[in-house]
Amino acid sequence: MRLINTATLTLETFTSSTPPYAILSHTWQDDEVSMADMSAIHQSDNVKFAKIRGMCAEASRIGLGYAWVDTCCIDKSSSAELSEAINSMFEWYRAADICFCLLSDFQPGASLDQDLEKCRWFTRGWTLQELIAPDILVFFDSSWTARGSIRYCEDAYETDLSGQISDITGIPLSVLSAVSTLQSTPAVEIMSWASMRITTRIEDHAYSLLGLLDVNLPLLYGERSKAFTRLQEEVLRRRGDLSLLAWAPPRSGPDVGQVRDTRYYHLTAAGPAPVRSKFQRARSEAVLMNRSLRNGAFD
């Protein structure tokens with residue numbers, strides 16, 4: 001595992017035990033820093049490095065000597081390293097001392113109540129596991145000002161966003177409070193949380209769920225929706241979780257393409273979008289009720 005030294009801003013490799021580190025959750029933008037770019041970080045004041053510098057500064061401020069950022073800590077030219085990283089990603093977020101979530105489209109002064117749910121971070125497939133896996137998750141606006149946290153309340157991170165994020169994502173507070181509850185959560189419910197999220201590559205609909213479903217798969221980019229089929233087959237094999245069969249094929253809209261044949265449905269879904277079963281309706285009703293209670297509608 002490669003980590004960034006927060007004092008020297010250089011990459012260091014750890015083959016066995018790793019030192020305490022902070023980890024970044026974010027949405028990718030056009031000009032992210034790659035591993036190759038890191039050699040020039042001291043020769044440039046380019047805005048391109050602002051995210052790395054901000055991450056390391058915040059980690060150093062709370063006493064952590066190392067940080068991990070997916071854009072520059074993985075050699076993506078190596079298919080073997082990329083496969084290992086994706087299969088290990090959930091555990092890396094789980095093992096981090098703290099996770100910093102940088103909301104690049106959440107401006108300073110923006111309202112938590114009105115603007116937080118509009119952030120792109122809540123629409124991306126990979127950020128689902130980054131929300132659930134870490135012990136501590138702190139949210140920052142685009143200027144690296146802490147705006148709140150879940151599973152942690154202290155100092156500048158004291159605003160608890162758990163209830164609001166549960167409403168936005170449909171993930172129960174019990175899961176946001178303790179990742180251990182994933183073990184008793186039906187696989188189809190976990191997939192329903194991902195059903196409204198998008199990934200750049202079709203295969204990543206499946207690969208981004210590996211850690212959440214506690215399975216491992218070899219990566220085969222180019223297999224398209226077959227990756228999601230392989231994911232479900234592995235979940236059935238390892239967990240025997242028949243909840244995967246409780247999916248509803250879409251009858252209209254862009255998700256129709258995720259059903260292989262409109263006359264004959266397979267036992268498993270071809271992607272996360274058709275997994276909009278009973279959990280979708282339950283989620284909507286729960287969100288409305290929670291918001292009404294917080295707003296005093298029943299006082």
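This is a predicted model: local features need pLDDT of at least 70, side-chain atom pairs count only at pLDDT 80 or more; totals for chains, interfaces and linings use all residues.
Residues are numbered from 1 along each chain as its sequence is written. Local features need pLDDT of at least 70 and side-chain atom pairs count only at pLDDT 80 or more, while totals for chains, interfaces and linings use all residues; side-chain values use heavy atoms, leaving out hydrogens and water.

**View 1. Glu-203 in its loop.** Look for Glu-203 in the loop between α8 (187-194) and α9 (204-207); helices here are DSSP runs of H or I with at least four residues, numbered from the N terminus. Glu-203 counts as buried because its relative accessibility is 3%, and buried means under 20% relative accessible area with a 1.4 Å probe, protein chains only. Its side chain reaches the backbone nitrogen of Arg-224 at 3.0 Å. Leaving aside residues up to four places away in sequence, Glu-203 touches Leu-220, Tyr-221, Gly-222, Glu-223, Arg-224 and Ala-227, where contact means heavy atoms within 4.5 Å.

**View 2. The largest nonpolar core.** Such a core is a set of buried Ala, Val, Leu, Ile, Met, Phe, Trp, Tyr and Cys residues joined through side-chain atoms within 4.5 Å. Of its 82 residues, Trp-68, Phe-100, Leu-131, Ile-132 and Leu-231 touch the most other members. Helix α3 (residues 79-95) gives the most to this core, with six residues.

**View 3. Helix α3 and its bend.** At Ser-88, α3 bends by about 55 degrees, the angle between axes fitted to the seven residues ending there and the seven starting there. Among the buried residues of α3 are Ile-86, Ser-88, Phe-90 and Trp-92.

Note on methods:
Helices (H or I, at least four residues) and strands (E, at least two) are DSSP runs, numbered from the N terminus. Buried means under 20% relative accessible area, exposed over 50%, partly exposed in between (1.4 Å probe, protein chains only). A polar contact is a pair of N or O atoms within 3.5 Å; within protein, one must be able to donate a hydrogen and the other to accept it, and residues adjacent in sequence count only if both atoms are side-chain atoms.
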